[in-house]
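Biologist: Could you put the model up so that we can go through it together? I have a few quick things to ask.

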Amino acid sequence: EQLHRLGLAEGAWARPVRSLSAGQQRRAALARLVLWDATLWLLDEPASNLDAGGQDALSGLLREHLNAGGMALLATHLPLDLRGADSRLWEHPAVAA
């Protein structure tokens with residue numbers, strides 16, 4: 001279900017992850033993260049190698065995780081749509097200026 005939700009075509013499910021594109025590998029890693037059911041997600045550039053659809057899926061996963069009481073600490077250069085999420089955003093002062 002998570003692989004489908006993250007936009008991985010059914011043909012990709014049976015292939016070794018190393019044979020997938022960088023974006024497909026990132027989607028598979030995000031699906032693994034959701035299935036792991038960890039309360040705290042530590043993510044470094046989670047949107048890298050994701051197309052616009054993948055970034056939207058990532059934002060949706062983050063919103064759901066946060067609204068369910070989970071926590072996420074992430075470093076990213078790309079804006080993520082977390083509107084409606086129970087979240088606090090901290091930006092480094094040098095970046096926010």
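Biologist: Of the contacts between residues at least 6 apart in sequence, what share joins residues at least 24 apart?
Modeller: In this predicted model, 50% of those contacts join residues at least 24 apart in sequence.

Biologist: And which elements are there, in what order along the sequence?
Modeller: The protein has five helices and two strands, and read along the sequence they follow the pattern α-α-α-β-α-β-α.

Biologist: Where does Asp51 sit?
Modeller: Asp51 lies in the loop between β1 (40-44) and α4 (52-67), and its C-alpha atom is 7.3 Å from that of Gly23, although the two residues are 28 apart along the chain.

Biologist: Switching to Asp37, what is its phi?
Modeller: Asp37 is not a glycine, yet it has a positive phi of about 65°. Asp37 is found in the loop between α3 (22-36) and β1, and it counts as exposed because its relative accessibility is 67%.

Biologist: Last one, how much of the protein is buried?
Modeller: Of its 97 residues, 29% count as buried, while the accessible surface comes to about 6,700 Å², with 55% of that belonging to carbon and sulfur atoms.

Methods. Residues numbered from 1 in each chain as written. Predicted model: local features only at pLDDT ≥ 70, side-chain atom pairs only at ≥ 80, totals over all residues. Heavy atoms only, no water. Helix = DSSP H or I, 4+ residues; strand = E, 2+ residues; numbered from the N terminus. Buried < 20%, exposed > 50% of the residue type's maximum accessible area, 1.4 Å probe, protein only. Contact = heavy atoms within 4.5 Å. Areas by Shrake-Rupley, 256 points an atom, 1.4 Å probe, with all protein chains shown as cover.
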